[in-house]
Amino acid sequence: MSGYNALWVPGMDHAGIATQVVVEKKLMRERGLTRHDLGREQFMAEVWKWKDEYGGKILNQERRLGASLDWSRECFTMDDKRSKAVTEAFVRLYKEGLIYRDHRLVNWDCILRTAISDIEVDYIDIKGRTLLKVPGYKSTVEFGVLTSFAYPLEEDLGEIVVATTRPETMLGDTAIAVHPADQRYLHLHNKFAIHPFNRRKLPIICDAELVDPNFGTGAVKITPAHDPNDFLVGKRHNLEFINIFSDDGMINSNGGKEFQGLKRFDARATVIEALKSKGLYRGAENNEMRLGTCSRSDDIVEPMVKPQWFVNCSDMGREACEVVEDGRLEIIPKQFEADWFRWMRNIRDWCISRQLWWGHRVPAWYVTLEDDDIKAFGVYVDHWVVGRNEVEALTEAGTKFPGKKYHIEQDPDVLDTWFSSGLFPFSVMCWPEDTVDMKTFYPTSLLETGHDIIFFWVARMVMLGMKLTGEVPFKQVYLHPMVRDAHGRKMSKSLGNVIDPLEVINGITLEDLHKRLEQGNLDRNELDLAKAGQKQDFPNGIAECGTDALRFSLVAYTAQSDKINLDIQRVVGYRHWCNKLWNAIRFAMLNLGTDFLPSENLDVQSLPCGCKWILSVLNKAISKTVTAMEVYDFSSATSAVYSWWQYQLCDVFIEIIKPVMSADDNNSTSASVKRVTRDTLWICLDNGLRLLHPFMPFVTEELWQRLPQRLGDTSRKESIMISDYPTVVEEWTDDEIESQMVLIESSVRSIRSLRMAYLLLPKQRPEAFLLCKTDEVATVVENGATEICTLASLASLKVLRESDVPPVGCAVNIVNEHLSVYLLLRGIVDARLELSKLEKKKEELIRQQEAVTKKMNIPGYRDKVPANIQEDNLSKLNKLMAELSIVEEANENFEKLLADSS
């Protein structure tokens, strides 16, 4: 609409972990099978089948939401072209030395049996002893407890006491660290402790970097294979790394026969009992801690040493900081820059391999030589080759091991989903091919996404884009707020508060909301909880709101910082507002007439004041909307366009032109005014609908198509979506007219306030008098008398000067220091009758108030009465008090009127 060659590409990633988990649960629920029962090939077929059936849901939602995407370019991270890009990126980064394989400590998920990245770990802050539900355990598991126990020392030197929040990991301890300057342990330097369960000798090492001599006993147990800090200590001191867990979180043979086969948290209790039986247990105490959980499975993350593929991010992270610092990349809102710098400046190497089946298989092959001593897969780190396909890998193997006999086998692992998603800005343009799209649209202008994946996705796109294409993949990043429920809670299937946009668009009954839950993977307890949540939030289901109302609500909500607490009732409110738009067009079509053709030119200077005013404020609405959108202040944009439509066009302009439209066409003056008013109305509706179109595309298209067209207008487009977006027309701007209209509207509000105070009915049309203290004010209200009478429902309006005296029996209201309004109520309102009615109303309200107060004052009320009933009673009391205040104020008004009339 603004004349740009715009491209918005639809795409979808394969959501490796999430999709595999869903399909595995489905297989188990429906057929009682695991993926291992099916085998890799058949399981992959099941996932593709699921993807084909359900994977298009997001794209369908985008279509229904009216997203202006180029659907001919729709792509998927695992389609052929994107898969080619993934392989190419891996090979290039490997050859540059940026991708490498190593045995490193990773975040391991024992439920999913895969490594996960640092940013897929959520943290729970625990203040002390806490029982938590852990997937795979029937009973809750204890966390937040620091357990102390003693290690016996060799040579009868006594014991050394250590403490841990994870007692089971002591089965993998390979050292005890002390501070080199700690006087208590100087005599133990270079000595050994003896492991009580396997007799392994644990060296007493000195490490000033890890150990705080003032914390606890000043001695720290070291488990290099299962703790990030201990891993670094193990590297510094060349310690043994002993992995005591199997991939599914069971104690393996390294943990000892006494504990082998136990689940890790069951082993915790068993180890403590074993320590007690040997007299080595020294007690437990509450301990604050941060507990890492997998954002996908909710499992407690287990640090484990595993051979994985990593991307060296040091230089790429530094460059990603520089492009923000020098302005090549702008992050909006700016508040997220601090998060960007903090994460990028402390970035660690990215673990990109996952022990899954669904995803892009790592394009690396392990070479097993005929003369290798150990033939097990993956034993030798230097036996890996990388290629775009198996033929290329064989060539690489031949070059690496000339004259050797060997066979190769591809790594069964897949790549992190975010690796392929990180290539999206250019893989969607068919990189690595040098396509027309790459030349035309890359680098792109804008990335719009949620702030929750600024590191998952945005950072990876910037790093990979700069490394592989030499360009920052986009100039700006707009991070939108996250949609929560009306209570501010994160949407969760287990809470039952997930809102599908299609259910808001189409509407849905509570029964059908429940059915959707039943088709998911929730267990019985979660299902019952979710249904209860739905019943509380949507007792009558969700009303049909339509796309336009939902879009407008979401955009208007963006003022709410980094979260949108979505209240469906607000969406319903905008649905009703859409009806107001229809009514405005219906009024126009009735009053423009079937033979109306918009004029080619409009002489603005000769227009009536009301027409000049509406065009001037339309100019301001256009300016505010465009300016707000240019700086991504979408809430202000919706506010500007809504305010013009609602409060200026519908509430004022359409009302003040109704008498003009109903005037006699036989009068030449009336006919002339009517003609230019019709032209002005058409201009307002044409511009107003185009101004609103980006927010409400469907209703504006429908209504715009109904507007009459200029005769022979070849510039008019076939659709509003490709019509020109409104721009400011300088000759429409009239600040003086706007200033005058402010005074007129203020007068109308003062009169309406008096009408409400004296309970006038809409059909009652009193006379009004406006007392003006300056000539300027008198001129304005005289010129605007017709508008004031129309908007305030008056029978007549007379302008008074300071020397004039208003008639007896008037109610008065002050507009400003130069203007007061008088509303003649004598003969319209029977003050005595109204006072009698109000007295009876007051007595009834006082009686109800006393009854509620009596209930709330009974003994034991706060302790015995349910909280929801207490809330209802308090709400009733507040409502009664508010009504009583209104009645008392009306009573005073009528008593004053009675006194003034006597």
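A residue is called buried when its relative accessible area is under 20%, exposed when over 50%, and partly exposed in between (1.4 Å probe, protein chains only). At 43% relative accessibility, Met881 counts as partly exposed. This residue is located in helix H29 (residues 867-901), where helices (H or I, at least four residues) and strands (E, at least two) are DSSP runs, numbered from the N terminus. Arg710 stands 171 residues from Met881 along the chain, and the C-alpha atoms of the two are separated by 58 Å.

The model is predicted, so local features need pLDDT of at least 70 and side-chain atom pairs count only at pLDDT 80 or more, whereas totals for chains, interfaces and linings use all residues. Residues are numbered from 1 along each chain as its sequence is written, and side-chain values use heavy atoms, with hydrogens and water left out.

Pro10 lies in the segment before strand S1. At 1% relative accessibility, Pro10 counts as buried. Contact means heavy atoms within 4.5 Å; leaving aside residues up to four places away in sequence, Pro10 touches Leu59, Leu69, Asp70, Trp71, Arg73, Glu74 and Cys75. The C-alpha atoms of Pro10 and Ala559 are separated by 27 Å, and the two residues are 549 residues apart along the chain.

Phi of Ala15 is near 45 degrees, a positive value in a residue other than glycine. Most residues other than glycine have a negative phi, and most peptide bonds are trans.

Helix H1 (residues 16-31) has 16 residues, which at 1.5 Å a residue should span 22 Å; the end C-alpha atoms are 22 Å apart, in agreement with this value. The expected span is 1.5 Å times one less than the number of residues in the helix. Gly16, Ile17, Thr19, Gln20, Val21, Val23 and Leu27 are the buried residues of H1. Their cover includes helix H2 (35-38), helix H3 (40-54), strand S4 (114-116) and helix H11 (417-421). Just after H1, Gly32 takes a positive phi of about 65 degrees.

Asn238 is found in the loop between helix H6 (228-237) and helix H7 (264-277), and its phi is near 55 degrees, a positive value in a residue other than glycine. With a relative accessible area of 71%, Asn238 is exposed. Ile332 and Pro333 are joined by a cis peptide bond, with omega about -5 degrees; Pro333 lies in the loop between strand S17 (330-332) and helix H9 (337-345). A cis peptide bond also joins Trp431 and Pro432, with omega about 15 degrees, and Pro432 is in the loop between helix H12 (424-427) and helix H13 (436-441).

Helix H17 (residues 524-537) shows how a helix can have two sides. Its 14 residues should span 20 Å at 1.5 Å a residue, and its end C-alpha atoms are 20 Å apart, which agrees. Which residues of H17 are buried? They are Leu527, Ala530, Lys531, Gly533 and Gln534. These residues cover an arc of only 160 degrees around the axis, which puts them on the same side of H17; the arc is that of the directions from the helix axis to the C-beta atoms. On the other side of H17, Asn525, Leu529, Lys535 and Gln536 are exposed. Helix H16 (510-518) is included in what covers the buried residues of H17.

Two pairs of helices illustrate packing. Axes are lines fitted to C-alpha atoms, for helices over the stretch in contact, and angles run from 0 to 180 degrees between N-to-C directions. Angles under 35 degrees count as roughly parallel, over 145 as roughly antiparallel, 65 to 115 as roughly perpendicular and the rest as oblique. Helix H18 (residues 546-556) and helix H23 (residues 697-706) pack at about 125 degrees, with their axes 7 Å apart. H18 is therefore oblique to H23. Thr547, Asp548 and Arg551 of H18 make the contact with Pro697, Phe698 and Val699 of H23.

Helix H21 (residues 634-661) and helix H26 (residues 785-792) pack at an angle of about 105 degrees, and their axes are 9 Å apart. H21 and H26 are therefore roughly perpendicular to each other. In this contact, Asp651, Val652, Glu655, Ile656 and Pro659 of H21 meet Glu787, Thr790 and Leu791 of H26.
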